[in-house]
Amino acid sequence: MVSRQQSKYVVRKEYNEPIEAPDLSAKSWLRWIWKQLTSMKIALFLLLLLAIAAVPGSIYPQRSADPNGVALYFKNNPDFAKVLDSLQLFDVYASSWFSAIYLLLFISLIGCLLPRIGVHYKALREKPPAPPTNLARLPQYKKVTGEKVKLEAAFEYLTKNKYKVIAESKGKALVELRAEKGYLRETGNLIFHISLVGVLISVALGGALSFNGQRVLVEGETFVNNRAAYDSYQPGLLFSEASLQPFSMRLDQFSITYDYLNPANYAKPLDFRANVSTTVSDQQSPALIRVNEPIALPNAKVYLTGNGFAPEIIVRDPDGTISFSGPVVFLPQDANMTSLGVIKVPDAKKQFGMMAFFYPTVGKLSTGALTSTHPNPFDPVMTLNVYVGDLGIDKGINNNVYELDTHLLKQIAGGKSGTKALKLQPGDVVELPQNLGTVEFKSVKRFASLDITYNPLDIWVLISVIITFFGLILMLLIPRRRIWVRKLADGAEVGALAKSRDESLERIVKEISQAMKKSK
Amino acid sequence: MNPALINQELATTSRILVLIALTVYVISFLVLTVSLANRAKATKKEQTASALRVENIGLILAGLATLIHGAGVLTRGIAANRVPWANMYEFSISGAFVVSAIYLIALFFKDIRFIATFVIGFVVLVIGSANTLFYVQVESLMPALQDYWLVIHVSVAILGTAFFTIAAALAALLLIKSGKSKSKVLKVFPDVEKLEKLSYQFNVIGFILWTFTLIAGAIWADKAWHRFWGWDTKEVWTFIIWTIYAAYLHATTTRGWEGKKAAWLTLIGFSAVIFNFTIVNLFFKGLHVYSGL
């Protein structure tokens with residue numbers, strides 16, 4: 001017995017068949033929603049919606065790609081930024097609405113895909129279907145007349161061209177041929193879409209298991225891989241610190257090649273090289289990290305992402321006690337590497353801080369201000385503005401090493417303080433004002449900014465993507481066609497049907513007809 | 001890496017060759033336009049035949065321009081000691097060359113002479129704007145670009161763009177043809193179905209090449225930028241373009257979108273390609289800062 005609901009349920013063979021109005025029980029509602037979601041109409045709509053939804057992420061700065069841009073946006077348009085932020089427009093690609101679109105799209109895809117796998121599996125094993133009664137109604141049709149016309153010639157043509165052929169014969173003569181070719185088109189289509197799901201899963205899962213950390217390393221310093229050694233650290237949701245393998249890496253030397261040969265390109269950097277010594281399970285070996293050439297260490301790939309100067313500075317109290325010593329990372333400000341650094345000396349007798357400018361090759365502007373004329377340290381000079389007062393370090397605030405909050409400080413050298421900024425060259429030792437002691441500019445070192453990443457599934461992303469691409473080629477370039485040939489009293493007829501746009505169908509039908517005409 | 005000497009004199013020669021090519025393209029464009037107008041006016045067979053002869057002259061001129069253009073692109077590469085597509089100017093002249101070359105090669109396989117005016121017109125527009133808006137001196141590659149993926153990723157992007165361009169020209173023609181205009185020129189062009197088929201075929205090849213560009217870009221980004229995908233503005237737009245053309249393929253193959261609707265989708269996709277190359281390159285902040293401007 002057929003229930004009422006079942007009789008209402010219409011299985012649509014084609015996606016563009018009209019959808020029947022549902023009755024109102026919950027079950028049929030769900031079924032209706034599922035039918036809608038897996039319809040090509042909705043899939044197409046979601047696909048176009050996804051394209052539109054991706055646009056705002058290229059207009060507004062994104063936290064993932066450009067966090068400073070977001071901070072700047074908040075500073076310049078605080079009110080509007082709040083509105084944008086509430087709509088997740090600074091995190092478009094992680095937003096609930098963007099995720100909703102692509103998740104619905106993938107559900108729709110899977111819903112579409114599952115039944116097709118079964119259908120295709122059957123089609124691969126089954127014989128080509130019986131011809132329609134009226135072959136003349138097919139998109140391509142040709143009738144050949146002549147008593148000598150034989151289907152054997154068509155059979156030969158079809159098998160030679162690798163069609164799957166079923167022949168029916170009456171006595172010795174063939175009377176009907178059913179042929180099909182191009183199953184790889186649907187195979188490719190299924191492979192493409194399944195591996196697209198594979199891409200999504202491996203990207204999502206890989207992202208959750210991954211981590212990404214940054215570390216600035218000055219020449220001579222050693223990085224020992226553990227959570228605390230990173231300057232910043234972005235673990236995925238499922239990342240476990242146990243994945244961090246023990247290894248260490250020392251930056252031996254950082255060097256830059258500049259172009260001095262070509263006037264059009266003068267002093268532009270051509271090569272950045274970070275020579276490191278890595279130690280993995282007590283095995284020490286040298287390695288070279290360049291842009292485009294990361295190195296692989298256990299559960300980590302190390303990339304070179306930036307560089308700059310780290311002048312080595314020593315501060316002494318009046319009695320000679322060292323209150324600060326070490327290289328200070330300066331942030332580059334322009335193409336000629338004018339760099340800005342902050343030195344905080346909380347351990348001095350009287351707490352003070354310094355804002356430092358570093359000019360690798362010092363020059364003078366017409367205003368008298370100093371500038372750098374070359375990115376290489378040919379004539380390095382450092383100037384220091386000195387501030388006394390509470391650095392705020394003890395309270396646990398203001399601990400950004402690249403910033404000096406001068407609000408609560410009093411400037412005692414440089415600017416409008418009345419005392420000139422201190423000016424040092426490598427090797428110089430200069431007295432600090434107000435009997436704070438001395439400061440020494442010991443040497444110029446370079447630093448490298450390194451990015452250390454780990455994604456255990458990136459190889460699976462790559463594999464899925466490559467399979468996707470091959471599936472795409474099969475599905476777009478291989479035609480699927482069915483051909484039927486029938487013996488008539490006065491000759492034969494050929495009809496053909498393509499499952500896609502098929503330019504060659506006409507030619508093939510013609511060739512089969514001609515082959516039969518010529519048969520002896 | 002030791003700096004390679006840039007040959008500025010050869011770069012100047014290259015620029016002159018490109019400008020000569022531009023001039024020949026312009027003449028070819030005018031000849032093709034005249035031929036088109038004559039064919040539209042033709043009422044007798046002889047008139048059509050003479051218009052077709054004029055068209056052949058136009059196409060021969062286009063071929064000549066393409067050869068000179070190719071020499072210009074080649075010398076730019078030799079002058080710079082690298083592939084000639086490292087900034088917007090170079091990408092434009094190389095891209096225009098590929099559009100023109102692919103079109104002329106396609107003529108041997110498909111009779112698409114009727115869009116010659118559009119394709120050559122587009123090439124003139126690209127070279128013209130490259131020369132006036134995007135021109136930069138030859139410079140060495142910045143370290144981020146010194147990689148073999150520059151050869152693979154960008155050349156395939158150029159090729160894909162060329163196919164999309166021709167498909168878009170055909171789609172535009174389809175829209176004009178199926179519009180209300182009763183201009184006589186329209187009878188010169190093939191029927192809407194033929195235009196749609198051709199446009200579809202170019203889009204399919206374009207889509208395969210674009211997919212490859214996207215994948216190659218991700219593999220390179222994993223080497224150069226420590227992640228294979230990071231929603232950089234250029235990545236976003238490459239994704240948007242890919243999605244639009246994917247929608248086009250679904251619409252035409254399974255939803256039975258035909259004629260005008262499919263043509264509009266092609267033009268939307270192509271607008272995104274042009275937007276990606278111009279507005280995104282020049283005004284959007286991102287990691288693909290290679291316009292050289």
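Chat on a predicted two-chain model

Q: What follows helix 6 of chain B?
A: B:H226, whose phi is positive, near 55 degrees. Helices here are DSSP runs of H or I with at least four residues, strands are runs of E with at least two, and both are numbered from the N terminus.

Q: Is this predicted or experimental, and how is it numbered?
A: This is a predicted model, where local features need pLDDT of at least 70 and side-chain atom pairs count only at pLDDT 80 or more, while totals for chains, interfaces and linings use all residues. Residues are numbered from 1 along each chain as its sequence is written, with chains lettered from A and ligands numbered from 1 in the order in which they are written.

Q: Back to helix 6 of chain B: how far does it reach?
A: Helix 6 covers residues 192–224, and its 33 residues reach 46 Å from first C-alpha to last. That is close to the expected 48 Å, the expected span being 1.5 Å times one less than the number of residues.

Q: What are the confidence values for chain B?
A: Its mean pLDDT is 91, and 98% of its residues reach 70 or more; pLDDT is the predictor's confidence in each residue, from 0 to 100.

Q: How many residues does each chain put into the contact?
A: Chain A gives 48 and chain B gives 47, where contact means C-beta atoms, placed from the backbone, within 7 Å.

Q: Which element of chain A gives the most to that side?
A: Helix 3 of chain A, with nine residues.

Q: New topic: in what order do the strands of the open sheet in chain A run?
A: The order of the five strands is 1-24-23-3-2, with antiparallel pairing; two strands pair if DSSP finds at least two bridges between them. The edge strands, each pairing on one side only, are strand 1 (140–145) and strand 2 (164–170).

Q: How many bridges join strand 2 to strand 3 in chain A?
A: Seven, and the two strands run antiparallel. A:A167 has A:L177 in strand 3 as its bridge partner.

Q: Which strands does helix 8 of chain A lie across?
A: Helix 8 (residues 151–160) lies across strands 2, 3, 23 and 24 of chain A, at about 20 degrees to strand 3. Axes are lines fitted to C-alpha atoms, for helices over the stretch in contact, and angles run from 0 to 180 degrees between N-to-C directions.

Note on methods
Two residues are in contact if their C-beta atoms, placed from the backbone, lie within 7 Å.
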